[in-house]
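Hi everyone, thanks for making time.

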Amino acid sequence: MKFSGFRVFAEALKGHTGWRPLWRNPDPKPSYDYLIVGGGGHGLATAYYLAKTFGRSRIAVLEKGWLGSGNVGRNTTIIRSNYLLAGNEPFYEFSMKLWEGLEQELNFNAMVSQRGIINLFHTDAQRDAFRRRGNAMMLAGAGARLLGREELRAMVPFLNYDNARFPIKGGLMQARAGTARHDGVAWGYARGGDSHGVDLIQNCEVTGFRLDRGKVRGVETSRGYIAADKVGVAVAGSSSRVMAMAGMRLPIESHVLQAFVTEGLKPTIPGVITFGAGHFYISQSDKGGLVFGGDIDGYNSYAQRGNLPVVEDVAEGGMALMPMIGRARLLRMWGGVVDMSMDGSPIIDRTHIDGLYLNGGWCYGGFKATPASGYAFAHLLATGAPHETARAYRIDRFARGHVVDERGAGAQPNLH
Amino acid sequence: MTRLSGGLIDRSQTLNFSFDGKRYQGNPGDTLASALLANGVRLMGRSFKYHRPRGLLSVGSEEPNALVELRSGARREPNTRATTVELFDGLEARSQNRWPSLGFDALAVNDLLSPFFTAGFYYKTFMWPKAFWEKLYEPAIRRAAGLGRLSMQADPDVYDKGFLHCDLLVIGGGVAGLAAALTAARSGARVILADEDFRLGGRLLSETRTLDGAQASDWISALEAEFESLPNIRVMRRTTVFGVYDHGIYGAVEGVSDHLPEANGRVRQTLWRITAKRAVLAAGATERPIAFADNDRPGIMLAGAMRAYANRWAACPSETIAVFTNNDDGHRTARDLAAKDVKIAAVIDVRPDAKARGDYRLITGGMVAGSRGRLGLKSIEVQANGRSEWIECGALGVSGGWNPNVHLFSHHRGRPVWNEPLQAFLPGENGPLGLIPAGAAAGHFSTGDALRSGARAAQRAMGELGIAASLPDLPRAEEADYTVAPVFHVPGKKRAWVDFQNDVTVKDIKLAHAENMRPVEHLKRYTTLGMATDQGKTSNVTGLAVMAELTGRSIPETGTTIFRPPYTPVTLSVLGGGDTGRHFRPRRLTPTHHWAEAQGAVFVEVGQWMRAQYFPRAGETHWRQSVDREARAVRGAVGLCDVTTLGKIDVQGADAGEFLNRLYCNMMATLKVGRVRYGLMLREDGFAYDDGTCARLAEDHCVVTTTTANAGLVYRNMEFARQCLWPELDVQLISTTNAWAQIAVAGPKSRALLARIVDGFDLSNEAFPFMACAELTVCDGLRARLFRISFSGELAYEIAVPARYGHALIERLMELGADLGATPYGTEALGVLRIEKGHAAGPELNGQATALMVGLGSMVSQKKDSVGAVMSRREGLAGDRRRLVGLRPVDPAGKVVSGSHLFAEGAPWKFDTDQGWITSACYSPHVGSMIGLGFLENGDERLGEVIVAANPLEGESARLRVVPAHFVDPEGARLRE
Amino acid sequence: MLIPHPLLGLRDAQEFTYLGDARLIDRPDPSAPDAEAAFCDYVFLRDNPAGVHREFWFHEQGDRSWLVVTRDTVTHEVLGAELARDAALSRTRCSK
Amino acid sequence: MSDLRPITALGAALPRLASFGALEIRENGGLALASMALRRGTVEPTPFGLALPGPGRWIAGQGVAALWTGLDQWMIEAEGRAELDFAAELKQLAPGCSVTEQTDGWVAFEIVSRAGTGPIDALLSKLVNVDLADFGPGRATRTGLEHMSCFVIRRSEAHIAVLGARSSAGSLWHALETAAKRLEER
């Protein structure tokens, strides 16, 4: 069923009786060519591109809960390609290009909204670091602008320019960045995958891998054994848990990242703004809520909830940066479990087990990567070779010393 | 409509207030909602999507409809529930999300278009043409969306935060909470009783029930008096416990002066972090409506709310009311209002066997199937026994049963459990440790039950803490059973609202079902059910029930959504709690700060430190003039710079040398007493992360310095090594960063200057050579430490004195050095000097560089192990061919810009041809042009080559020559002179 | 969160800085033939369990002691805490 | 004797003193401080006759006092001796210990209530996350205070001392003053 304004109009006239399920609820088949473990954004995107772009069939996505129940459904919806390192920037720019055509590709409005992102700087040293980054973005064709204080002030006059502990000196802007409706992305890929024959199997938890002489044969699930030639795991947040079932230890810790939304407000903040001297970033959803966040809590956790100190820290940062949000009220705070990797960058790679592939380690930034991650993982699964923009995301980069460490924080996940 | 009789309002005083510019009067004890109601105002808001006219639904913080903008100017507070605003004199409120007026709202056209605006319609359209989304569709959607407006001005009020500890926190001051607090307080335990209302009593305040045959308010007053007399209980009114965190930590917000016309500089709200050994959750219950066609008109409200307005506030939305109920509670409303001479048009009870509790018309087995009245209810359609009739009434009280307020109990993601007789979710087994539910929150709905359960909960909590608590004599109270029929909505073709604010109707839930958005989270996210400012307090259970009906599953099989903090929305200002302007973070000042200030220095933030950036002199109009002059003074005479901010760590113990040997990658154990050595630290992953000096004051005593930025991190890592890796070593550590004022005295005349202050100390090159250190006295007896180290490449020293003397010392040095040209210099000149000398600093040691890259590869000792040594030999690090080089513009007038990327001449500017970047750049007065440092692929083999520095970000590029990374005195002769 | 400091009793976790997996106490032998591989494992790989986890916390805003805390990563329940120094010393004794 | 004149942590010639309602806050410029840590195999000394206190405790003697700062580590205070080389003196009395001069590492604010323990407790509850039921006279702790790391010492029911990094003395004063003023306004 093709979605369009006309279809909505036509359905309205006949009492919305013609709408069909966005996807089927199939029972698992005994075997598939490709099993994607994890029905979050990355898993659904992988299945979609595998079917649609790489023409593969006999594909299933196994989701232990409901589709989109992982971090794709609990993030702050920012999309951007403003990275520094050669291992990252082309990948995220590839993702940005996919975002730009996503809705037409999927025939589903995920509300990709390129209202821009501004990373503020407060010292000359930060400005120099942003210049290096901005130039890297230019090399990748991502586009960037270095804004001076006055230019910035004209653009976002409501920031605290005159009474700040850490004065704002300017910002690095990417106009093409913005936000997307997170659930819509998951649903769009799910619907797209389903329409290309992918079986989306909910309430199906993987409980083990069946391995045979170094090769994966299939997976044990809460709905029985399912055989497969290739198994791709995309369960960021739970990567360690799932891969442990295959006997692997990963360069990953699971941490909780909190996010926040206020009550709905009339338009307040145009794009995405990040504070360079405190831990705070913010945007406003189309519904009107200010969506914001800050640091991870900093301890290993699978609890999907955080604690007060970070809540206070984030609110302090917000108030220091833009005290005009003070009389807005925080409506809801939540926590997601993220795969914090040892260098702050993801892993998209084969494993030492033949037929078993891993996509994880997305830290707090996996949402923006969803299209490229799915595409690159599908590429790897379908062709056996890494996608050209994802070559740096090998798992052996740690042992070999080729880390992709944007922050230069080293092997300490809670500093990335 | 005038006031009814009775109520807990002070009729002796009048408060003036305005709503949408119109003036009204109320009384102390009123909320904005009750006062509006008493003034005959039913229309108070508009819904989010369809802009439907709305009035009060509820009486508390769960209110979805009556949201107003409170106060004005910078204090404007959008989305404020009229039901929770304590009336004060001069209160100003306006309706919101309507244009041009509340009575006539142009966007109400959305209601006519509602057939198109179904759940999730926006996912299906607005996709063509592509460019229209950002330009047309989205801006229109954003303008229409949102509720109230922020003032866009900084919040002028002040907030603070605090910390409380107690044995028992009682959340909720209703019957159960009061009984719990009493039980625990009498046992001598430390108790905090918090309630969001400005009056204790909870639901008791809204009922006509008696306790021990007397008015409930008598019992409450007696309790309040007793609490007042006990030192171990703190009663916190106007305090909302909004979240439960780990290990008995609760977040609470106290409204300190919100109920006053002006805070007048006083704290408006306080954020309390309460650490409680145990807590009793006595948060009560929230009534839920029954969905029926057009059930959202002003005048249709919860039956319990209608009763509360009548009993507590002597207000009623109409002279004629009706009640629609599926349980006995609705009948109480009819009975109480009848007693206040309100006309009861009918009570419609869905239960065929319902009995009347008073003299009113009862329609059993009936349903309300529709309503009329554009801006306020005029009549309702009642269907019963196959017949339909329209009954005139100005207000309808609806009771669909009560939902225990289990929210806090579920903040740790424990799911509540469905209770079939109560038709409600109750706290489950897996709630937060130490939190005990009681009263209506635990499903104890009768007053007697609630009293007993509160007292028992406190007794249990005390028992767990080993405190003996006996149950107090509790008053006799009503013990009525609660029975409810499982009716959640009235079937029909028209729209029946489930989530009032977000305009989610039964039809929307049906559509979600048809589209396979059936898991409860899909339902919520697709329809926005429960995502409004009330977070589904009045809508979630109804929504679940409808979905359960459609799927043929039970409600518990259908699931629950996750309860997340905060329980009610919390002002961001108070979460930010306190100083967020210039005092957002502490400021650290150097010992010479006040002196530098008096010299007119310009300061710069370096982490938390404020450092002098440069010292402009009269006639200098550009910072570069000052910086050039300061740098020249160091190269030509002597300069003074406060370097106190560098971390200083005192390392003592028999194994101090061995300990440091394991931390620095270079050899440190062999350092002789009286000598200083430059040291480089690696992380265990092999990358360089900090550098500094190590001075050996005695065999068992070293003082090491760190960079300013890493002082805390290095100390932490040293403690880790000391306690966790090598506890067998005899080492003691303590930071002394703040204790010593350390001043760099640099330049060819530095020795001459220092000679004028040292007390009989031989500064000659022989006696005190490069990299020497000593403890001595200066200026006739002041204890000092002297280090002959140089960051500038010149003959230089750093002298340290107790911090309190830093100010006097620099004054003295300036005074004594006047004839030598002594010049203070700031961080800018410091940067110029170190770039000229090619010293790596923050931009080079950024955590991504190896010792090899910064030209210090030979420092990594192969003769011993140290942190990071093994990992530094990995292929990726050892094989990294980028090297730190110096860069000079081919055109001497050309620019060198840090952050530019480096390319071979003629190469395209792409990632795969990218050969490095410029880390640091400055104008060098010594060289006479701009210079830079940068990492360049094979840089050490490309000296003399001309490369291109590209800065496409700012549309610039420059041709630069690769030179060695030191522009001054490459042999290092000067610093050894 | 509250951390049960073995010397100071329950202390708010905000006073602490978190490092992570307590296996970092077992620094490999740098002179072993497979030292590089052992260090790679030591520095980068983690069990990352959903459940009981032994981990380092540094009492940075307190007595500057490193603690080994045993905590459940699913419920956040703390099952115990000891001075890392004691853990390290007993480890040294065991291995010798 | 050097003729150089010291300045206080707040940058003045004389210590600052201010009153807010029942509370008086006084910068204690004369307090000498030295840290003392046991080396391996050293017996706990009793400098100035002080029986060194255990974790979380502070003990006072004649013009001197000691607070526990960490395992086998104490801070020794001496009233009015800031201008002397107190660390050297202590070192003589603590053989086999690592002694480090700390006088100028810190600023000490003495806070005294003229109205008993109430105002002190109210002030503490706005500044530090300390359970006051367990913080009577003789207790001392290091903890965070408005993003600063401080020692808080309960010298008596109505007298506390707050020691913070000397470099952030101004910010610490601001925090104490703000909290005290707000109590006064209540």
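This is a predicted model: local features need pLDDT of at least 70, side-chain atom pairs count only at pLDDT 80 or more; totals for chains, interfaces and linings use all residues.

Let's start with chain B. It has 977 residues, and 67% of them count as buried. If you count its secondary structure, you get 21 helices and 51 strands. Along the principal axes, the C-alpha trace of chain B spans about 110 × 70 × 55 Å. Chain B exposes about 32,400 Å², and 51% of that comes from carbon and sulfur atoms. Now for contacts: take those in chain B between residues at least 6 apart in sequence, and 66% of them join residues at least 24 apart. As for charges, there are 112 positive and 109 negative ones in chain B, and their mean positions are 3 Å apart.

Next, chain C. This one has 96 residues, and buried residues make up 58% of them. There are 2 helices and 6 strands here, and from the N terminus you can follow them as β-β-β-α-β-β-β-α. The C-alpha atoms of chain C fill a box of roughly 45 × 30 × 20 Å along the principal axes. Its accessible surface is about 3,800 Å², with 53% belonging to carbon and sulfur atoms. Chain C carries 11 positive and 16 negative side chains, and the centres of those two sets lie 6 Å apart.

Okay, on to where chains A and B meet. How many residues of chain A are in contact with chain B? The count is 124, and they touch 124 residues of chain B. Together the two chains bury about 10,400 Å² between them, with 55% of it on carbon and sulfur atoms. Of the area that chain A buries against chain B, Leu139(A), Arg165(A) and Arg327(A) supply 10%, more than any other three residues. There are also 15 salt bridges between chain A and chain B. In case that's a new term, side chains of opposite charge can pair when their charged atoms come close. One to find on your screen joins the side chains of Arg142(B) and Asp286(A), at 2.8 Å from N to O.

Is Thr737(B) buried or exposed? Thr737(B) counts as buried, because its relative accessibility is 7% and the cut-off for buried is under 20%. You'll find Thr737(B) in the loop between β40 and β41. Leaving aside neighbours within four places in sequence, Thr737(B) is in contact with several residues, including Arg588(B), Trp609(B) and Lys648(B).

Compare that with Leu465(B), in the loop between α8 and β29 of chain B. Leu465(B) is partly exposed, with a relative accessible area of 25%. Beyond its neighbours within four places in sequence, Leu465(B) contacts Asp167(B), Lys277(B) and Arg278(B). Leu465(B) and Ala189(B) are 276 residues apart along the chain, while their C-alpha atoms are separated by 9.5 Å.

Ala282(B) is buried, at 8% relative accessible area. Among the residues that Ala282(B) touches, not counting those up to four places away in sequence, are Ile171(B), Gly172(B) and Ala438(B).

Let's finish with salt bridges inside chains. Over all chains, the structure holds 131 of them. In one of these, the side chains of Arg397(A) and Asp343(A) meet at 2.7 Å, N to O. That pair links distant parts of the chain, 54 residues apart: Arg397(A) is in helix α11, and Asp343(A) is in the loop between β16 and β17 of chain A. Arg397(A) counts as buried at 1% relative accessibility, and Asp343(A) is buried with a relative accessible area of 1%.

Back in chain B, Glu478(B) forms a salt bridge with Arg209(B), with the closest N and O atoms 3.4 Å apart. Glu478(B) lies in the loop between α8 and β29 and Arg209(B) in the loop between β9 and β10, so the pair ties together parts that are 269 residues apart in sequence. Glu478(B) and Arg209(B) are buried.

That's my tour, so over to you for questions.

How values were computed. Residues are numbered from 1 along each chain as its sequence is written. Chains are lettered from A and ligands numbered from 1 in the order in which they are written. Side-chain values use heavy atoms; hydrogens and water are left out. Helices (H or I, at least four residues) and strands (E, at least two) are DSSP runs, numbered from the N terminus. Buried means under 20% relative accessible area, exposed over 50%, partly exposed in between (1.4 Å probe, protein chains only). Contact means heavy atoms within 4.5 Å. Accessible areas come from the Shrake-Rupley method with a 1.4 Å probe; for residues, only the protein chains shown count as cover. Lys and Arg count as positive and Asp and Glu as negative; His and the chain ends are not counted. The place of a charge is taken as NZ of Lys, CZ of Arg, CG of Asp or CD of Glu. Buried area is the accessible area (1.4 Å probe) that two parts lose on being put together, summed over both. A salt bridge is a side-chain nitrogen of Lys or Arg within 4 Å of a carboxyl oxygen of Asp or Glu.
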